[in-house]
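Me: I'm new to reading protein structures. Could you walk me through some features, one at a time?

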Number of protein chains: 2
Amino acid sequence: MKRTFNLSAGPAMLPTSVLERAQKEMLDYDGTGMSVMEMSHRSSYFDDIIQDAEKNLRELLNINDNYKILFLQGGASQAFYTLVMNLKQSGKVAYIDSGNFAKKALEAAEELKDDYGLEIDVVASSKEDGYKSLPNYPDTLEGYDYLHICSNNTIEGTQFKEFPIYKGIPLVCDMSSDILSRPFNINDFGMIYAGAQKNLGIAGLTLVIIREDLLGLNDVPKMFDYKVFSDKNSMYNTPSTYPIYIHKLVTDWLLEIGGLEEIYKRNKEKARILYDYLDESTLFVPTADKDSRSLMNVTFSTGNDELDKEFVAYTKENGFENIKGHRSVGGMRASIYNAFPIEGVEALVQLMKKFEEEN
Amino acid sequence: MKRTFNLSAGPAMLPTSVLERAQKEMLDYDGTGMSVMEMSHRSSYFDDIIQDAEKNLRELLNINDNYKILFLQGGASQAFYTLVMNLKQSGKVAYIDSGNFAKKALEAAEELKDDYGLEIDVVASSKEDGYKSLPNYPDTLEGYDYLHICSNNTIEGTQFKEFPIYKGIPLVCDMSSDILSRPFNINDFGMIYAGAQKNLGIAGLTLVIIREDLLGLNDVPKMFDYKVFSDKNSMYNTPSTYPIYIHKLVTDWLLEIGGLEEIYKRNKEKARILYDYLDESTLFVPTADKDSRSLMNVTFSTGNDELDKEFVAYTKENGFENIKGHRSVGGMRASIYNAFPIEGVEALVQLMKKFEEEN
C-alpha cells in the first residue's frame with residue numbers, strides 16, 4: 001500500500017492502522033450489519049463509541065469530572081464566537097496575538113464587541129516581528145473574564161512551551177494544531193478547544209473541554225450554549241457521528257502506543273531531525289525564531305521564491321504532498337503532526353540534502 | 001455481506017454501493033496515496049470532490065446559477081438560528097407549525113426575538129390535533145420577511161405534497177428528511193436547508209441552497225453569514241470534508257439510478273406497500289391522517305404500549321433496527337429514506353403480518 005507523505009497543515013495524515021480499521025468496519029461495525037455512518041446517534045452502539053471517545057480523552061489528558069467534554073461542530077472558527085457568548089461576564093477580555101489564528105479569534109471578538117459590550121485588550125502581540133516569535137506576556141494580569149491564546153501557530157510555526165497562567169483568570173486556548181501532541185496540565189486551563197482535523201481525527205468535529213464552573217454563565221441561544229450540550233452529552237442535536245468514531249479510533253491508537261509521553265518523545269525526535277538539518281543547511285533557512293519553534297509545523301524557505309517553488313515541485317515528484325507554506329508566510333511548511341511518520345521526516349531531510357547539493 | 005434493515009430516522013441507511021466505494025478508497029483515493037479524510041480542503045483533489053458534489057446537486061434539482069449552494073456544519077438545528085440572522089429584514093416573520101422540528105425552528109426564532117426585534121406569527125398550526133395532519137394555511141399572506149416550513153415531519157410522519165407559495169414572500173424550508181426524495185421546483189423557494197444524515201449522506205454536513213438576492217441582507221457575524229460562505233465556496237474555514245465526499249458519492253448514486261424521477265417512483269412504491277398493509281391490518285393502525293402521510297417516515301401503532309414494545313423487540317430479532325417511534329408519538333416509525341431497499345419494506349410487511357397472526 002503506497003502511502004503518501006502528506007505534510008498538510010490540516011486536514012492531515014491519520015495513522016494507517018486507524019484507516020485500516022475504519023475500512024474493515026465500513027459496512028459492518030462489530031457484527032451489527034450497519035456502518036457507523038448509518039447508526040442512530042441514539043443507539044446503544046453509537047453511545048458506546050462516544051462514551052469510549054470521552055473515556056480515552058480523559059485518560060490521555062488526565063481530565064477529572066470537574067471538566068466537561070463536548071463534541072461539537074463548526075470548527076475552531078465557530079468557537080471563536082461561541083466562547084465569547086459563553087464566557088463573557090464583565091465584558092473585559094484579554095487576547096494574546098501570536099499569529100494568524102490568534103488574530104482571527106481576536107477579530108471574532110471584535111465583531112461581537114458592540115452586541116456583547118466587550119472591552120478587548122491585546123495584552124501581548126508579536127505582530128510587529130511578523131509573528132516569527134511568541135510575544136512576551138505581562139508578569140501580572142487581573143480583572144479579565146478570560147485570557148485567550150492559541151497554543152500553536154500553525155501558519156507561522158511557533159508554539160508555546162509554557163502557558164501564561166494568571167490566578168483568577170480562566171485561560172482559554174485554541175489548541176487545534178497541537179492538542180494530544182504532548183502532556184500538559186488540564187487544570188491550568190478554563191477551556192480548551194480544537195478542530196479535529198490535525199491531531200484528533202477529521203474535519204467536522206470540534207472538541208471543547210471546559211471547566212464546569214464556566215458553564216451556564218450567560219443566557220446563550222441553545223445551539224451555541226455549552227451548558228445545553230454538556231447537559232445533553234453532546235447530543236442536543238445530531239452530532240457528527242462518523243468524525244467522533246474516527247476520533248475514538250485515533251485516541252485508541254494513542255493509548256496503544258503509550259499515550260502522550262510516547263507521542264511527545266516521537267514528536268520531539270521528528271522535529272529535532274528537521275530543525276538540526278535546517279540549522280546546518282546553507283540553502284534552507286528556518287522561519288520561526290529558535291526559542292519559539294513549533295514541534296508540529298516546521299516553517300522554512302530558501303529566501304528565493306523561484307527556488308522555493310522548484311523545491312515544492314521536487315517534493316511532489318518524490319512522494320510528498322502539501323509542503324507549500326501558507327501564502328501569508330511563503331516558503332515551505334512541513335506539518336508533522338502525531339500521525340506523520342518519522343520515516344517521512346527522514347526521507348524529507350534526505351530530499352532536502354539532495355536538493356541542496358543540486359542547487 | 002449481512003446488511004441490517006435499518007429503519008432509523010437519521011442517521012440512516014446509505015446505499016451499499018456508496019459504502020463499498022468509500023471502503024475501497026479509504027486508504028488511497030484515486031491513486032493519491034491518501035484518504036479523502038487526510039486531504040487538505042485546499043487541494044485540487046478535494047476541490048474536484050466538492051465541485052462534483054455541487055454539480056450533481058444542480059443536475060438533480062435543476063438549480064440555476066441564481067441559487068447558491070453552501071456546505072455547512074451544525075445541522076438543521078443551527079440553521080434554525082442562522083436563517084433568522086441572515087434573512088430578517090423588517091422583523092415580521094411567519095412560521096407554519098406542523099410538527100416537532102417545525103416547532104423547534106419556531107422556538108429558535110423566539111429565542112432571538114428580542115435581540116433581533118422579531119414579530120413572529122404562526123400562520124398555521126396542527127398542534128391541536130397532535131400534529132397528525134398538516135395544517136390548513138391561509139389563502140393569502142403578505143408583509144413577511146419569509147415563511148418558514150418543514151416539508152416532512154420526521155417524528156409525526158406527515159409531509160407536504162404541495163407547498164404554501166405566496167408571491168413576494170421567500171419560502172424557507174427545512175427539507176432535512178425528504179430532500180432528494182422527489183422532484184420539486186427549486187424556484188418556489190427562497191432557501192432550502194437540510195442536515196445530511198437522512199437522504200444526503202452522513203451527519204456533520206448541512207446543506208443550504210439559497211437564492212442569491214437573499215444573501216448579504218444583514219450584518220451577520222462571519223461564521224454565521226451565508227454570504228461569507230458563498231463568496232468563499234463553503235471554505236471560509238475547513239468544511240467537513242469527508243461528509244462532503246460521502247454526499248458526492250450519494251448524489252453520484254442517485255444520478256446513476258435515474259435521478260429524482262426514479263427515486264420518487266421507488267419511494268412511492270415502498271410507502272404504498274406499507275400503507276396498503278396498514279390500511280387493511282386489524283392490529284396495526286397508521287398514526288398520521290391519510291392525506292398528510294409521509295413517504296419517508298411511516299408511523300403506526302397497535303394502540304397497546306405493551307404490544308408495541310413486543311413488536312419492536314420482534315423486529316430486532318428478525319434483522320431490523322430502530323423501528324421504535326419517537327417518545328413524543330410512541331408506537332413505531334419506519335423511516336424508509338432513499339437508501340432503504342424495497343426488499344426491506346416487503347420483509348417488514350411479512351413480519352407485521354406474521355406478528356398480526358400471532359397476536
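Me: Let's start with contacts: which residues is A:Glu156 in contact with, leaving aside its neighbours within four places in sequence?

Reply: Contact means heavy atoms within 4.5 Å. By that rule, A:Glu156 is in contact with A:Gly99, A:Asn100, A:Tyr131, A:Ala288, A:Thr299 and A:Val329, once neighbours within four places in sequence are set aside. Keep in mind that this is a predicted model, where local features need pLDDT of at least 70, side-chain atom pairs count only at pLDDT 80 or more, and totals for chains, interfaces and linings use all residues. Residues are numbered from 1 along each chain as its sequence is written, chains are lettered from A and ligands numbered from 1 in the order in which they are written, and side-chain values use heavy atoms, with hydrogens and water left out.

Me: Where does A:Glu156 sit, and is A:Glu156 buried or exposed?

Reply: Helices (H or I, at least four residues) and strands (E, at least two) are DSSP runs, numbered from the N terminus. A:Glu156 is in the loop between β6 (152-153) and β7 (158-159) of chain A. For burial, the cut-offs are under 20% relative accessible area for buried, over 50% for exposed, and partly exposed in between (1.4 Å probe, protein chains only). A:Glu156 has 7% relative accessibility, so A:Glu156 counts as buried.

Me: How do I read a UniProt annotation, and what does the one on A:Lys198 say?

Reply: UniProt positions are given in the numbering used here, feature names are shortened, and annotations may be inferred rather than shown by experiment. The unreviewed UniProt entry annotates A:Lys198 as "modified residue: N6-(pyridoxal phosphate)lysine". In the model, A:Lys198 lies in the loop between β9 (191-195) and β10 (206-211) of chain A. A:Lys198 counts as buried, at 12% relative accessibility. Beyond its neighbours within four places in sequence, A:Lys198 is in contact with several residues, including A:Ala9, A:Thr154, A:Ser176 and A:Tyr337.

Me: Which backbone oxygen does the side chain of A:Lys198 reach?

Reply: That is a polar contact: a pair of N or O atoms within 3.5 Å, where within protein one must be able to donate a hydrogen and the other to accept it, and residues adjacent in sequence count only if both atoms are side-chain atoms. The side chain of A:Lys198 reaches the backbone oxygen of A:Ala9 at 2.8 Å.

Me: What about A:Arg42: is that residue buried or exposed?

Reply: A:Arg42 is exposed, with a relative accessible area of 55%. The unreviewed UniProt entry carries a "binding site" annotation on A:Arg42. This residue is found in the loop between α1 (16-24) and α2 (44-61) of chain A. A:Arg42 touches A:Met235 and A:Tyr236, not counting residues up to four places away in sequence, and its side chain makes a polar contact with the side chain of A:His41 (3.4 Å).

Me: How do strands pair, and which strands pair with β9(A)?

Reply: Strands of a sheet pair through backbone hydrogen bonds, either parallel or antiparallel. Two strands count as paired if DSSP finds at least two bridges between them. Strand β8 (residues 171-174) of chain A pairs with β9(A) in the parallel sense over three bridges, and A:Tyr193 is the bridge partner of A:Asp174. On the other hand, β9(A) and β10(A) pair in the antiparallel sense over five bridges; here A:Ile192 has A:Ile209 as its bridge partner.

Me: Which residues point which way from β9(A)?

Reply: A:Met191, A:Tyr193 and A:Gly195 point one way, A:Ile192 and A:Ala194 the other way, and all are buried.

Me: What is the order of strands in the open sheet with three strands?

Reply: The order is β11-β12-β14 in chain A, with antiparallel pairing. β11 (285-286) and β14 (332-335) of chain A stand at the edges, each with a single partner strand, so one side of each is left without a neighbour in the sheet. Strand β12 (residues 297-301) of chain A pairs with β14(A) over four bridges, where A:Thr299 has A:Arg333 as its bridge partner.
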